[in-house]
Amino acid sequence: MTAPVRFPRFFVTSPAPCPYLPGRSERKVFTELKGPHADSLNDALSRIGFRRSQTVAYRPSCIDCSACISVRVVASEFAASSSQKRALKANDDLVVTVCRPWSTSEQFELLQAYLAERHPEGGMTAMDEIDYADMVEHTPVTSYVVEYREPSEDGVTPGRLVGACLTDRQCDGLSMIYSFYDPQSPRKGLGNFIILDHIRRSVEMGLGYVYLGYWVEGSARMQYKVRYRPLEKLGRAGWERMAPEDQDRLIADAVANPRKEEGLGTTMGKDGMTAISRD
């Protein structure tokens with residue numbers, strides 16, 4: 001006789017200032033990921049809009065606001081734009097390695113440089129190397145760190161690390177938990193390239209999607225996500241394709257109002273790595 005499946009217990013955080021929309025507050029519903037069925041639970045929850053932070057799965061549960069929308073790229077149908085093709089060409093010489101979820105000092109130093117320039121006032125800047133190790137290594141699901149290195153002169157020793165992404169493998173896609181890169185690199189489009197590489201990698205693995213986390217219309221830091229076509233968003237009736245004309249409008253707005261940041265993750269809040277584990 002098999003043991004009954006225990007339904008997870010869910011909890012709700014206290015309201016806190018929203019990091020995306022001024023004057024609003026946010027709260028999250030979350031549950032713990034643990035045990036032999038953590039992967040399947042994480043898969044199921046991701047399909048209804050949850051994200052993972054260490055051993056916790058969470059999603060927005062804000063009062064009187066539903067601006068945060070889960071989005072994913074349909075990898076098998078992805079068609080790169082002209083600027084995305086340029087990013088691929090400019091960075092296709094990078095040596096990409098899938099590593100076990102084990103933190104290194106080199107990764108942490110790169111993260112510090114990224115946060116200092118891209119998110120200097122964010123909560124993640126207070127992370128020390130132990131905090132970073134917790135972020136990477138405390139995972140109950142199938143995860144890895146994808147490293148992006150410049151080619152070395154001898155082709156044997158590892159080249160300089162210029163980007164990295166903490167990634168979960170799910171049954172239907174890759175979930176990009178947090179990515180960061182060298183903000184001083186002369187290379188163009190490093191943040192874009194990391195996403196594009198995950199799309200390409202997902203296709204090679206026979207997976208359907210790349211999960212990009214939450215998109216908030218009206219938040220400048222989130223608009224880069226609409227540049228990847230085709231994009232699906234999670235609504236009350238489930239996942240649905242974003243209408244081409246809507247995506248055209250959003251891309252035009254993003255081009256007209258470029259932001260400094262590029263890449264996944266935020267310094268705090270729904271896509272950040274600190275909100276659940278340190279509250």
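Biologist: How many disulfides does the structure hold?

Modeller: The structure, which is a predicted model, holds zero disulfides. A disulfide is counted when a pair of cysteine sulfur atoms lies within 2.5 Å, and the sulfur of Cys62 is 5.6 Å from the closest cysteine sulfur, which belongs to Cys65, so this pair is too far apart for a bond. Cys65 is likewise in no disulfide, with the sulfur of Cys62 as its nearest cysteine sulfur.

Biologist: Is Cys62 buried or exposed?

Modeller: Cys62 counts as buried because its relative accessibility is 18%, whereas Cys65, at 22%, counts as partly exposed.

Biologist: Which residues other than glycine have a positive phi?

Modeller: Most residues other than glycine have a negative phi, and most peptide bonds are trans. Here Gln54, in the loop between β5 and β6, has a positive phi near 55 degrees, and Asp64, in the loop between β6 and β7, has a positive phi near 60 degrees. Gln54 is buried, with a relative accessible area of 10%, while Asp64 is exposed, with a relative accessible area of 80%.

Biologist: Which residues does a cis peptide bond join?

Modeller: A cis peptide bond, with omega at about -10 degrees, joins Arg229 and Pro230, and Pro230 is placed in the loop between β12 and β13.

Biologist: Which strands do the buried residues of α1 pack against?

Modeller: Helix α1 covers residues 38-46, and its buried residues are Ala38, Leu41, Asn42, Asp43, Leu45 and Ser46. The buried residues of α1 pack against β4, β5, β6, β10, β12 and β14.

Conventions
Residues are numbered from 1 along each chain as its sequence is written. This is a predicted model: local features need pLDDT of at least 70, side-chain atom pairs count only at pLDDT 80 or more; totals for chains, interfaces and linings use all residues. Side-chain values use heavy atoms; hydrogens and water are left out. Buried means under 20% relative accessible area, exposed over 50%, partly exposed in between (1.4 Å probe, protein chains only). Helices (H or I, at least four residues) and strands (E, at least two) are DSSP runs, numbered from the N terminus. Contact means heavy atoms within 4.5 Å.
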